[in-house]
Protein chains: 4
Amino acid sequence: MAAGRNVLALDVIWSLNQPLTHETHIRVRYAETDQMGIVYYANYFVWMEIGRVELVRSRGLNYKELENAEGLFLSVVDAKCRYLFPARYDQEILIRTQVHSANPRMVEFAYEIRSVNPDRLLAQASTKHVWLNREMRPSRLPSQYQYLLRPASV
Amino acid sequence: MAAGRNVLALDVIWSLNQPLTHETHIRVRYAETDQMGIVYYANYFVWMEIGRVELVRSRGLNYKELENAEGLFLSVVDAKCRYLFPARYDQEILIRTQVHSANPRMVEFAYEIRSVNPDRLLAQASTKHVWLNREMRPSRLPSQYQYLLRPASV
Amino acid sequence: MAAGRNVLALDVIWSLNQPLTHETHIRVRYAETDQMGIVYYANYFVWMEIGRVELVRSRGLNYKELENAEGLFLSVVDAKCRYLFPARYDQEILIRTQVHSANPRMVEFAYEIRSVNPDRLLAQASTKHVWLNREMRPSRLPSQYQYLLRPASV
Amino acid sequence: MAAGRNVLALDVIWSLNQPLTHETHIRVRYAETDQMGIVYYANYFVWMEIGRVELVRSRGLNYKELENAEGLFLSVVDAKCRYLFPARYDQEILIRTQVHSANPRMVEFAYEIRSVNPDRLLAQASTKHVWLNREMRPSRLPSQYQYLLRPASV
């Protein structure tokens, strides 16, 4: 099947060229701090969303188009964060994201949130998602997209 | 016309029973503060949204149903805020909202944001909105709803 | 010891009059929704903060004064949420909070997030916190406050 | 006066090398959208903060250090935004910021918010700020920093 072969070919190219962990950088916004002078804890979950969207984009998938074209939404069912060290205003933050596990119905992402200067682990986190269709019912990621969410661990 | 008379009747009832300025209370959330120890300035615009939604609800209109049933959205075209005194964590806040002007195509709300203890004016603000339909094109508020947004003046 | 006796007396009064689970109500803000038409997942953590602050207030402790007077901050070290059903704009939300466990150095809160109409469990969550002083070092909650965070169990 | 001469020298260098309008790029986050499928209006004010912080940084001033070292805070007294066209999820956004006017006590920034693809003006905005010290009283920006906030208009 032609489509299948194309996917396989892309998969091979991807596995040779793409890191299994995606890294994206952001800078802490004033709006993200609270009166303790550190980043408010809920904002780490906003950063994780940036991490997983950019991981998916780096593998050639535009999450926005998936929503628009396929009517598929990645709905979160579980989210966890362990906070080790506070992030502060104006710090450069590194978000390391990887697919921890995936099948056509769900994806689990793992994250490391680090400050760049000093290089320090600030938080470890994970989120688990299921695919929903426009009617908000459980759905499956079409097979031509599945290679894009191949887990980091072989 | 029956519908017109009903609206008029309701209008009369409303003008006798409803205050022209709506008051709603909120408490400052930790998430709303920043590292200056005061409420981050963008959050006042979130509070204004609460003020206008509650004003509309107090007049018998559920904004959510207007979105769902009529496919009408109140889209902001202009927003202003003058900050006089900072709001702080855990303070009880009074949001005073009134319709400053309205026609079938647009509404302008005026707001006072006050702390309750001490009683103090924190900010004065206004927002201007137009009605859009589901295709994001300018639309008109059906006449049976117009009395609900009668301005405070006159 | 006089102070000790007072605390004990208050504790007895409290245990007779105060529910072990605190309930607080909020209404979903437009700002809290995302383009999926449901509440963005990070906002549940903002709601949990409201739940635990109101639980503490209901037991006679103003968390703000604890920050100001004692220089103590409740710093989150762990946060988890399991999402069962989406919350929607304008819904009335019930936040049920209880102290799951506590000692002078840490507190663990458990939460249920429910919609009121229909009555439905939307999410189950927990957060774990340690007390920090102004220098951001681990600290202890003074004994006169400890009864306020007595766990729900036992 | 040596300090004065240094400032003058720096000023000359700056005026030759630095654009008077600063441009910074961001990408729309999912968290920034609302159920209308567009960016929630209060978030434009968060973007403006990014614009002015990056403008100041591009001129060699770290706003964070100004807060920490000099105990000076840029407190907003006025904010306005005119919304022309909605921003959408995942769009690349250009924030154009310039100093509209400034003196030792206040600064006024002007902003253009544009989408990159298509290239379109989404919003025009301005914010006015005064300098406050740690006691939240009006203060003055020390002269050695004033050149950094030279207005765009000669």
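Author: The model is predicted. Across the interface of chain B and chain A there are 4 residue pairs in polar contact, counting pairs in which both residues have pLDDT 80 or more. The side of chain B that touches chain A is made up of 5 nonpolar residues, 3 polar residues and 1 charged residue. The number of salt bridges between chain B and chain A is 0.

The contact draws on 9 residues from chain B and 9 residues from chain A. Between them, chain B and chain A bury about 930 Å², and carbon and sulfur atoms account for 58% of that area. On the side of chain B, 60% of the area buried against chain A comes from B:Tyr30, B:Gln35 and B:Tyr40, more than from any other three residues.

The two sides of this contact can be compared. Of the interface residues of chain B, 100% are also interface residues in chain A, so these copies meet through the same surface. Chain B can be superposed on chain A by a turn of 180° with a shift of 0.0 Å along the axis, and the RMSD is 0.0 Å.

A second pairing involves chain A and chain C.

Over all chains, a search of the whole structure finds 0 disulfides. For A:Cys81, the closest cysteine sulfur belongs to C:Cys81 and lies 13 Å from the sulfur of A:Cys81, which is too far for a bond because a disulfide requires the sulfur atoms to be within 2.5 Å. A:Cys81 counts as buried because its relative accessibility is 2%, the limit for buried being under 20%. For B:Cys81, the closest cysteine sulfur is in D:Cys81, also 13 Å away and too far for a bond. B:Cys81 has a relative accessibility of 2% and so counts as buried.

Technical notes. Residues are numbered from 1 along each chain as its sequence is written. Chains are lettered from A and ligands numbered from 1 in the order in which they are written. This is a predicted model: local features need pLDDT of at least 70, side-chain atom pairs count only at pLDDT 80 or more; totals for chains, interfaces and linings use all residues. Side-chain values use heavy atoms; hydrogens and water are left out. Contact means heavy atoms within 4.5 Å. Buried area is the accessible area (1.4 Å probe) that two parts lose on being put together, summed over both. A salt bridge is a side-chain nitrogen of Lys or Arg within 4 Å of a carboxyl oxygen of Asp or Glu. A polar contact is a pair of N or O atoms within 3.5 Å; within protein, one must be able to donate a hydrogen and the other to accept it, and residues adjacent in sequence count only if both atoms are side-chain atoms. Ala, Val, Leu, Ile, Met, Phe, Trp, Tyr, Cys and Pro count as nonpolar, Asp, Glu, Lys and Arg as charged, and the others, Gly among them, as polar. Buried means under 20% relative accessible area, exposed over 50%, partly exposed in between (1.4 Å probe, protein chains only). Copies are superposed by least squares on the C-alpha atoms of residues with pLDDT of at least 70 in both.
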